[in-house]
Amino acid sequence: MGKTKHELKVEREKFQAEVKALLEKYDTDGSKSLDTDEVRKLIEELDHAPPLAKDVNWVMKMGDKDGGGTIAFAELYVVLQKYKKYRHDNPDLLKLITKHDKNSDMELSSSEMKGLLKEVSGGEVSDSDVEYVMKEFQAQSTESMKVKKGIDPDALAKAISNWQDKSIDEGTLFGFHMPKMEVPSFAPPDLSGATAWTDSIFGCCTQPEDRKTGLGKV
């Protein structure tokens, strides 16, 4: 049985308070946002160990949506949920990779990836889900792993975390759906007749041809 709306609301408010406290603690320059060094210190507290540079870079990439080089509260709120899943909620991927790599070629085909994702999620997985994770996995894989055969479990964990939290980016937080606002399209007005219209209205104010030059009649 899933959580009630009240339980989800309490969970959401608790997490909001935790994120706000972390932001206030590590925002050493008072900018109400965190730069890379401040994010590094925050992750060290969460993991109780100095973080790897690639993890810090990943958090910054996922959180800094506006490209400003910092992460504000709204961005931090989302990215810490992703990081939590990546670091703590995903199962032992090494075992799952071994299990679903049916031909032991140290690669995952689309069908093998689908089987792995089904086991991770405990539900149905669409072909578009598989395609998304495959692309994310390639993007997260290190250059060395792209050159030689092998599956980087760290990259796969990040790809799965991004897939699991796609709903957050699409407007769902803690089970509450918040539809995106549609920006109405705007067609500029046709101004082709503006000159004739203004001339008809303000014709009394137009100057005679001989006065446009600044010369009076002789």
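This is a predicted model: local features need pLDDT of at least 70, side-chain atom pairs count only at pLDDT 80 or more; totals for chains, interfaces and linings use all residues.
Residues are numbered from 1 along each chain as its sequence is written, and side-chain values use heavy atoms, with hydrogens and water left out. Helices here are DSSP runs (H or I, at least four residues), numbered from the N terminus.

**Helix 7 with helix 9**

- The two axes come within 8 Å and cross at roughly 135°; axes are lines fitted to C-alpha atoms over the stretch in contact, and angles run from 0 to 180 degrees between N-to-C directions.
- The crossing of helix 7 and helix 9 is right-handed, a label for a near helix turned clockwise from the far one by less than a right angle.
- On the helix 7 side, the contact (heavy atoms within 4.5 Å) includes Tyr-132 and Phe-137, and on the helix 9 side it includes Leu-156 and Trp-163.
- Sorted by class, this contact has eight nonpolar, two polar and three charged residues; Ala, Val, Leu, Ile, Met, Phe, Trp, Tyr, Cys and Pro count as nonpolar, Asp, Glu, Lys and Arg as charged, and the others, Gly among them, as polar.

**Helix 6 with helix 7**

- Here the packing angle is about 100°, and the axes of helix 6 and helix 7 are 10 Å apart.
- That angle is why helix 6 is roughly perpendicular to helix 7.
- Ser-110, Met-113, Lys-114 and Leu-117 from helix 6 meet a set in helix 7 that includes Val-130 and Met-134.

**The largest nonpolar core**

- This core has 41 residues, and Leu-76, Leu-116, Leu-117, Leu-156 and Ile-160 touch the most other members.
- A nonpolar core is a set of buried Ala, Val, Leu, Ile, Met, Phe, Trp, Tyr and Cys residues joined through side-chain atoms within 4.5 Å.
- Helix 4 gives the largest share, seven residues.
- Beyond four places in sequence, Leu-116 touches residues including Leu-93, His-100 and Ile-160.

**Val-79**

- You'll find Val-79 in helix 4.
- Val-79 counts as buried because its relative accessibility is 1%, and buried means under 20% relative accessible area (1.4 Å probe, protein chains only).
- Setting aside neighbours within four places in sequence, Val-79 is in contact with Val-59, Met-62 and Gly-63.
- The C-alpha atoms of Val-79 and Met-62 are separated by 6.3 Å, though the two are 17 residues apart along the chain.

Terms used
Buried means under 20% relative accessible area, exposed over 50%, partly exposed in between (1.4 Å probe, protein chains only). Helices (H or I, at least four residues) and strands (E, at least two) are DSSP runs, numbered from the N terminus. Angles under 35 degrees count as roughly parallel, over 145 as roughly antiparallel, 65 to 115 as roughly perpendicular and the rest as oblique.
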